[in-house]
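Student: Please pick out a single helix and look at it closely. Then connect the picture to the rest of the chain, in one go.

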Amino acid sequence: MLEQLSIDHPSYLRKDASESTVMAPTTNPNPADSSAKQSLEAGLAALKQQDYPTAIALLESVTQTAANQSSGIRAQMGLVAAYKATGNVKKAIALCSSLAKSPNSQVKTWADRALKELTPPRPPKPPENKPKSAETPPETGFVAFDAGTKSPQKSIGSDRPTADKKTGFLPLESAVEPGNAKSQHISPPPPPPTSQTSEPENSTETAPDTEISGENSSGSPTDIPGVASPDTYQLTWREAGRAKSPRPLKPLKLLEFRLQAVASAIALFFLARFILQFLLTNTNSLLVQLYIFSRLPIFAPIQLFYRDPTPFVQMVFGLLLASSPWLIDALLKLFCGIETLRGSVLSKHSKEASRVLRSYCTKQNMPVPVLKLLPLNVPVAFSYGCLPRFARIAVSRGLLEQLTDDEIATIFARELAHISHWDFAPMSLALLVIQIPYLIYWQVAHWQERLCDLMTIEFLRSVVKFVAAAISATSYGIYKLLRWPMLWLSRSRVYFSDRTAAEITGNPNGLTRALSKIVIGIADNIEQQKQTSFFLESFDLLLPVGVGQAVSLGSAALHAPLEQILLWDVSNRERNWLTVNRAHPLLGERLKLLALYAQFWKLETELDLVDAGVQEQPRKGKLSLFKSIIEFKDSKLFLQGAPFFGIPMSLAIVGVLWLIGGIFSRTSIWQLDWLWGDRSILWGCLPIGFSIGTLMRINYFFPDIIPRETASPSLPEILSNPDSLPLDAEPVRLEGQLLGRSGMSNWLGQDLILQTATGLVRLHYVSRFGYIGSLWPFLFKETTRPSDLIGTSVVATGWLRRGATVAIDLESLRSQGGRVSDSGHPIWSAILAFAAAFWGAYIIIQGPR
């Protein structure tokens, strides 16, 4: 165990940009403080050069002159490493014991963890002949599982399913050999930088912003607080325990939740009907114009398209819901090669998961779901079906190989919760509905390339590309639109399933590790595949975590503590407003709730997120409605949502105009009585309000980019700011490799990701000529799309947006070869605002019809 406490000395000399702020004293420094700081730096330098006698002498002098200050604490931590390296383990243990009594929770946590590694472990108990019987909590009836259960070696071997090679469809993602999978055994991330309220009042320095974490089993280095950097940080897990007999939590309000599920399905039905009717009507309108122009009978409008599509949509929805288990099976078999997951294979990887399936299904009086195995290296799991008796739980090989026994069990418990709550049925229906336009987008883009390769006539190739681009782009837009009715349900069901999984297993800490590893695994898969696979995007609604949030969080988790990069998720005051267009709630919120469950059961928490949120300032009495509106108007949230808040504000203007018209209608001034009850004013003011709101925020949203003042922050720095909003558009310039899908499937910039040295960042692109310029750039002599630069080293310049996810609105994308792709976000924001204003004015001028 002692050999695992080795130190990577060069990491001590790397100081991040925040150290000067975090370590700054609150009072003016004196010469003694300056001398102590110089001795500290000299001691750390000697430690780096393995000059241990000099390092010990210098660091001991610092501990004598500044014992209670942060420099003294850092010196003591360095002494632990020096004592250990020179074999003086007793002194190292004594020093750690002293640090463990520190009022600073970060230092105390580090000291406790270092003591565990310095102290030789007790010899293991001899194995008993008889296995222990599972302990059943009397409150819930669930089986309690042994927290010490370890996963066997992760390998499926001959059980690996193979994809169907005979179909002409592009596979979702190639199967990965078991030997290529990674099993990450990592110990706890250090806590984020927080203010220590328990510090003595006479302390002149704040606590270090990061702490030294013990080396994991693979022999990775550790760091001293205040000098950790993304290059030296090592992700570790605390392996916090579980509850043997968890107390029951408050009952869930499933009636309201199920009503919400029904309402979401109804909203999806009406939206799908509206989109279908819109397409049919406009198709016939186009055919009529072509018929008038050419007089060819082939362009005659289709009479069937004039009929009411409601019965057809009802029939399709009913068939999709009733056959959802088998349709999704066929879809996954066709594109992924999904196979049945045998019970023996599951038990090989997680015996606890097998016990959870049996015990919970028996308790709920429902059949055990059919288990499916996806031959994908990305760790994912989801459930689908129409009834519990036909339910399926699909897991990937990556999940079985990268998660431990108890973590796999918590993921299976989540999927069982979806089935017992019945939310899996409407979500399966929604998945199949949105798969229709998504498959059209994907396959049209794919087959267009093959078809064009077979053509020799350039004119025909241009026509095929023109038509295919229009169909593919329209289908992708419909796919995005059809997701909206299910977003509310998708977010709500995640909270319910997390809580139920914690109750079933009594292991909220295991679920915390499982979700974190899934996020990291998705980001790692995107880096390996050099793109977001079609499977991840199309099945995003059913996955345990959102792909969009996993891109940045999962990649940054390898460069900074999880508490640090999740600080925005748990402390930003406007975060709930910024998740309305997301299918999954914020990961930090979910992990904080799991930490609260762990505290409720008197457990150590895997992550220190409970106290990371901001404290609301107490109000002095109730605010008047007028004062509340004024405060909201002056807040950043108002400017952030100004285009949308402008719509209800325009309704207030309509009310005033109607009132004026009503007053003048009762007088002899008849010239203004037409305002009373004029609905054209109502409908015209709605786009005008949107226009005014857009123009109000445009200067805040797109500040001038000055090259000398453009920042190049690391991804952990971006994620660590808890107060930032998308409105706080910071001009940035980042370098890295451009990842994403190639070809027509990425002409609109659907999948643009910048791979930087510290993680992945999504990029948003809009051509200067709009979507027409993206699809057919030759019309405007614009030849470089961002998709043309995929796989090359680029410099991305634009405006950083920190909301529920992190993204950059591009101004330009420049490759090393000199190719430039310019974006037009500010231009099109202004065009949209003026177009809305003109549209509203036109409606008012036209008057009531």
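Tutor: Start with helix α13: 17 of its 17 residues are buried, so the rest of the structure largely encloses it. Buried means under 20% relative accessible area, exposed over 50%, and partly exposed in between (1.4 Å probe, protein chains only). This is a predicted model: local features need pLDDT of at least 70, side-chain atom pairs count only at pLDDT 80 or more, and totals for chains, interfaces and linings use all residues. Residues are numbered from 1 along each chain as its sequence is written, and side-chain values use heavy atoms, without hydrogens or water.

Helix α13 covers residues 405-421. From first C-alpha to last, α13 reaches 25 Å, close to the 24 Å expected at 1.5 Å a residue. That expected span is 1.5 Å times one less than the number of residues. Just after α13 comes tryptophan 422, with a positive phi of about 70 degrees.

Now the wider chain. It holds 28 helices and 10 strands. Both are DSSP runs numbered from the N terminus: helices are H or I, at least four residues, and strands are E, at least two. Of its 849 residues, 53% count as buried.

Next, the rings. The whole structure has 21 aromatic pairs. One of them joins tyrosine 476 and tyrosine 479: it is tilted, 5.6 Å centre to centre, with 50 degrees between the planes. Rings of Phe, Tyr and Trp (its six-membered ring) pair if their centres lie within 6.5 Å; planes under 30 degrees apart are stacked, over 60 edge-to-face, and the rest tilted. Tyrosine 476 and tyrosine 479 are three residues apart in helix α15 (residues 458-505), which means about one helical turn separates them. An α-helix has 3.6 residues a turn, so residues three or four places apart point the same way. Both tyrosine 476 and tyrosine 479 are buried.

The charged end of arginine 450 sits over the ring of tryptophan 447, 5.0 Å from its centre. The test asks for NZ of Lys or CZ of Arg within 6 Å of the ring centre and within 35 degrees of the ring normal. Arginine 801 does likewise with phenylalanine 702, its charged end 5.1 Å from the ring centre.

Arginine 801 lies in strand β8 (residues 793-802). Its relative accessibility is 6%, so arginine 801 counts as buried. A polar atom of its side chain lies 2.7 Å from the backbone oxygen of phenylalanine 701. For the backbone oxygen of proline 726, the distance to a polar atom of that side chain is 3.0 Å.

Last, some strands. Strand β6 (residues 753-756) sends Ile753 and Gln755 one way and Leu754 and Thr756 the other; all are buried. Three bridges join β6 to strand β5 (residues 730-739), and the two run antiparallel. On that side, leucine 739 stands opposite isoleucine 753. Four bridges join β6 to strand β7 (residues 759-764), again antiparallel. There, isoleucine 753 stands opposite arginine 762. A hairpin of two residues links β6 to β7. Strands pair if DSSP finds at least two bridges between them.

Key: Polar contact = N/O pair within 3.5 Å; in protein donor to acceptor, adjacent residues only side chain to side chain.
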